[in-house]
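Biologist: Please go through this model with me, one question at a time.

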Amino acid sequence: MFAYIARRLLLLPLIVLGVTILIFAMLQLLGPYQRVSLYINDPAQLKNPEILEKLIKLYGLDQPIPIQYFRWLAKVFRGDLGWSETAKMPVAKALFVHFPATVELAIYAIIPLVLIGIWLGVISAVHHNRPIDHFTRIMAITGWSFPTFVFGLIMLMIFYGKFHWFPPGRLSIWASTIVYDPALFTRYTGMNTVDALLNGRLDIFWDALKHIILPVITLSYVSWALILRITRSSMLETLRQDYVTVARA
């Protein structure tokens, strides 16, 4: 087992390198004038041909593909991951800023994801070909086929748009005013629920928890399908073993 894990870990850098080469090669299908937009912070610069030519020369977008790739790889190793147009900040900074929110969501989602997914898989296998089995299989197929963003929008329309229970975002306006004020709130981890408990603010903890419930449900539901199917198949295979038949007899 340890040898298998060691081999996989040794292959991981090669796999990552191969993926970067593939993605970089696909981006070369775009011309220099299309790719230079990734290096522009002000959209008005796209209308100036002279600026575009200078930027293409500056970033070497007119050079051979291998040279462009190794220049990009050298910047990655230096921590320069480029500019994020979505976050309006450097990519490295955006990852640092938003990473705590991702960790917080993953921590809350892993509990229902594993417990409910395994439980549904066991129930489905034990009641094989019965109504509960058919129902869970339909759930698995639906969850596996549903795009996450579509399911998330449906959840928002139902639970926020109709019932006003679970609002979007990470915090309400009043809570954001407190959380992002260093004089009133100390941010230890960047995870709102954890920092609220560390600051002794149960009102902010409850507000942050209400905001994270829908993302947790969305992330868990689309992942239940995989765990449910794996658990169900494993349980059915085990239940058909000879030693189970003997135990039942």
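Predicted model: local features only at pLDDT ≥ 70, side-chain atom pairs only at ≥ 80, totals over all residues.

Biologist: What is the relative accessibility of Gln28, and does that make Gln28 buried or exposed?
Modeller: Gln28 sits in the loop between helix 1 (2–27) and helix 2 (32–35). The cut-off for buried is under 20% relative accessible area. Gln28 has 16%, so Gln28 counts as buried.

Biologist: Which residues does Gln28 touch, not counting those up to four places away in sequence?
Modeller: Contact here means heavy atoms within 4.5 Å. With residues up to four places away in sequence left out, the residues that Gln28 touches are Arg35, Ile65 and Gln68.

Biologist: What span is expected for helix 4, at 1.5 Å a residue?
Modeller: Helix 4 covers residues 65–77, which is 13 residues. From its first C-alpha to its last it reaches 19 Å. That is close to the expected value, 18 Å.

Biologist: Which residue just after helix 4 takes a positive phi?
Modeller: Helix 4 consists of residues 65–77. Just after helix 4, a positive phi of about 90° is taken by Gly79.

Biologist: How far apart in space are Gln63 and Pro32, C-alpha to C-alpha?
Modeller: Gln63 lies in the loop between helix 3 (49–58) and helix 4, and it touches Gln68 and Arg71, residues up to four places away in sequence not being counted. In sequence, Gln63 and Pro32 are 31 residues apart. In space, C-alpha to C-alpha, their separation is 9.7 Å.

Biologist: What is the area of the nonpolar surface patch that includes Val19?
Modeller: Val19 lies in helix 1. Residues in a patch need over 30% relative accessible area, and Val19, at 41%, is partly exposed. Together with Leu11, Leu14, Ile15, Ile23, Leu27 and Leu30, Val19 makes a nonpolar surface patch of about 610 Å².

Technical notes
Residues numbered from 1 in each chain as written. Heavy atoms only, no water. Helix = DSSP H or I, 4+ residues; strand = E, 2+ residues; numbered from the N terminus. Buried < 20%, exposed > 50% of the residue type's maximum accessible area, 1.4 Å probe, protein only. Expected span 1.5 Å × (residues − 1). Patch = residues over 30% accessible without salt bridge, like charges linked within 9 Å, V, L, I, M, F, W, Y side chains within 5 Å. Areas by Shrake-Rupley, 256 points an atom, 1.4 Å probe, with all protein chains shown as cover. Salt bridge = Lys/Arg side-chain N within 4 Å of Asp/Glu carboxyl O.
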